[in-house]
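Please look through the sequence and the model shown below, and then follow the paragraphs with the structure open beside you.

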Amino acid sequence: MDGKSLIGTVETVYELHSFHGDTWLLVKDSPDLRQLEPSAALLVQRNEVDGIRLVRRMDYRDHGFSTTVTMVKRLRSGVQETDPLARANPGRDASWCDKPEDLLGDVQRQVMRAFLAKYLDERRLTPLEVLTYEVHAKALDNAGTTLQGALQRIASVQVRGTKQTAVARMKELMAVIEAGVTKLLQASRNNPPPPIPADGLLALSKTLGNGPEVGLKLCRAVAHHLADAKTWTEKLDRLFRLWAPDLTVREMRVLDSIGAEILASPSP
């Protein structure tokens, strides 16, 4: 087999990326690098942009993968990248969410942790506890301008590289939050969190049956179990005491996820 047949069809595309905080966004692409160079020269001068880069992307169509090479990169003075090899988000920020269920994603929870750090730290709460336990969710929803301020900042980040305004995006985020809180409150009506029995988390898990909602129900039960812990250390101790050798993947996933968020928080 000759080399051309082995490699197959290859398409070369050039991309213009803009850097914001620690995120690269795809601004536009073109088969001709010269079409992107004027846009790059203008983009690098904008105050809200921390840097730009021009990238050559080669798509190996017959094999379903791509390679990228950074040809030009300009970062504003003092700006550094955590990961110089980070891929660019395709137009929308990776934390974008359209429905309450999207908030449970890893990136979305990290963003929540970053923009609500003071609120969460003061109450010794993790994003998963807030997102799955109605008491914590309602408290945040009623916390005055705390949530609105965070949503304003998140919206301004998410719309970079898109044609949407921050005001419009914030309204969408508020609708997502409202729908999520309403769903939690409706599900909790006449349905208090189940206590974790003496024989452990696995026993509770077995009573919940199977289905996509079991993990959320376990998170809710664990959040309720941890709710009156006064320090991160006490909360972590309670969480570790729920571990048992016979736990399955779905129980361990809950403990691991909440534990990781506790460990990512400041020391008590």
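Arg124 counts as partly exposed because its relative accessibility is 22%, where buried means under 20% relative accessible area, exposed over 50%, and partly exposed in between, with a 1.4 Å probe and protein chains only. The model is predicted, so that local features need pLDDT of at least 70 and side-chain atom pairs count only at pLDDT 80 or more, while totals for chains, interfaces and linings use all residues. Residues are numbered from 1 along each chain as its sequence is written, and side-chain values use heavy atoms, with hydrogens and water left out.

Arg124 sits in the loop between helix H4 (117–122) and helix H5 (127–132), helices being DSSP runs of H or I with at least four residues, numbered from the N terminus. Although Arg124 is not a glycine, its phi is positive, at about 50°. Asn190 is likewise not a glycine and has a positive phi, of about 55°, and it lies in the loop between helix H8 (166–188) and helix H9 (201–207). Asn190 counts as exposed because its relative accessibility is 80%.

Helix H8 also meets helix H6 (residues 134–141): their axes come within 9 Å and cross at roughly 145°, the axes being lines fitted to C-alpha atoms over the stretch in contact, with angles running from 0 to 180 degrees between N-to-C directions. The contact, meaning heavy atoms within 4.5 Å, is made by Glu134, Ala137, Lys138 and Asp141 of H6 together with Ile177, Val181, Leu184, Leu185 and Ser188 of H8.

Notes. Helix = DSSP H or I, 4+ residues; strand = E, 2+ residues; numbered from the N terminus.
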